[in-house]
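Here is a briefing on one protein model. Look over the sequence and the fold, then work through the points below.

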Amino acid sequence: MKTLSFLVIILFLLLSTHVELSQNTMSFFITSSGPGTGAKLGGLAGADKHCQNLAAAAGAGNRTWHAYLSTSASGGQPAVNARDRIGQGPWYNAKGVRIAESVADLHGDKNNLTKQTAVTEKSEVVNGRGDQPNRHDILTGSQLDGTALAGDPANTSCGNWTSAGEGSAQVGHHDRQGGGDHATSWNSAHPSRGCSQENLRGTGGDGLFYCFAIN
């Protein structure tokens, strides 16, 4: 009887651990690489597909992934807010560390986004300010609250993520430092210098963006 009770306790502990680990599986990452065409991502659909492919390669393709990107109103189409396309949370990085509990938490002062926690789908830390090369400019096209910027999409999101030429896109700093009007913001630090891969790299970026699991 004592042996049976002991086995039941062990089984309960194992099941509890499994549930906890399942709840903390990866639901957030920074892309380890961009498509290689600057801010020309193929629109939101192309960016989402890139997130999905990277997640699948990391063993998390059973979830639906969306890019944290906003688009501005254009051609009769309404703006799309990044905060509205990422689910409700909570979100965990590839190491099982909680990034934020909810959308409000993510865009508030209590989120846990830092250089050490905002890792890629491979659990790798992304180069920040002071590293060579610096890759801390993360594409978002968003304001501090995660909503789209007003104005010409060419100058807010590189033509709603379809241009690798002239223009710019709003970027954040995953390491929470650098220059710009909001230097410590993870999602809305400053506009990029241009939309090409070369221009993004020239100002401390690499065409990377955030991905969130929505389910």
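R135, R201 and D206 are linked in a network of salt bridges. This is a predicted model.

**The salt-bridge network**

- The count comes to five salt bridges.
- D206 and R135 meet through their side chains in one of them, at 3.0 Å from N to O.
- This pair links distant parts of the chain: D206 sits in strand β8, R135 sits in the loop between α3 and β5, and 71 residues separate them.
- D206 also forms a salt bridge with R201, where the closest N and O atoms are 2.6 Å apart.
- R201 has 52% relative accessibility, so R201 counts as exposed.

- K115 pairs with D131 in a salt bridge, and their closest N and O atoms are 2.6 Å apart.
- Both K115 and D131 lie in the loop between α3 (103–106) and β5 (137–139), 16 residues apart.
- K115 is partly exposed, because its relative accessibility is 22%.
- D131 is partly exposed as well, with a relative accessible area of 23%.

**D175, a buried charge**

- D175 lies in the loop between β6 (170–173) and β7 (190–191).
- Which side chain of opposite charge is nearest to D175? That side chain is K115, 6.0 Å away.
- D175 is buried, yet D175 has no salt bridge. A salt bridge needs the nitrogen and oxygen atoms within 4 Å.
- A polar atom of the D175 side chain lies 2.7 Å from the backbone nitrogen of R129.
- Beyond its neighbours within four places in sequence, D175 is in contact with K115, G128, R129 and H136.

**Helix α2**

- Helix α2 covers residues 43–57, which makes 15 residues.
- From its first C-alpha to its last, α2 reaches 22 Å, close to the expected 21 Å.
- Buried residues of α2 include G43, L44, A47 and D48. H50, C51, L54 and A55 are also buried.
- What covers the buried residues of α2? The cover includes strands β1 (28–30), β2 (65–67) and β8 (205–213), along with helix α4 (158–161).
- Just after α2, G59 takes a positive phi of about 85°.

**Two disulfides**

- A disulfide is a covalent bond between the sulfur atoms of two cysteines. The structure holds two disulfides.
- C51 and C211 are both buried.
- C158 and C195 are joined by a disulfide, at 2.1 Å from S to S.
- The link of C158 and C195 is left-handed, with -95° about the S-S bond.
- C158 and C195 are both buried.
- Counting bonded cysteines along the chain, the disulfides follow the pattern 1-4, 2-3.

Technical notes. Residues numbered from 1 in each chain as written. Predicted model: local features only at pLDDT ≥ 70, side-chain atom pairs only at ≥ 80, totals over all residues. Heavy atoms only, no water. Helix = DSSP H or I, 4+ residues; strand = E, 2+ residues; numbered from the N terminus. Buried < 20%, exposed > 50% of the residue type's maximum accessible area, 1.4 Å probe, protein only. Lys, Arg positive; Asp, Glu negative; His and termini not counted. Polar contact = N/O pair within 3.5 Å; in protein donor to acceptor, adjacent residues only side chain to side chain. Contact = heavy atoms within 4.5 Å. Expected span 1.5 Å × (residues − 1). Disulfide = S-S within 2.5 Å.
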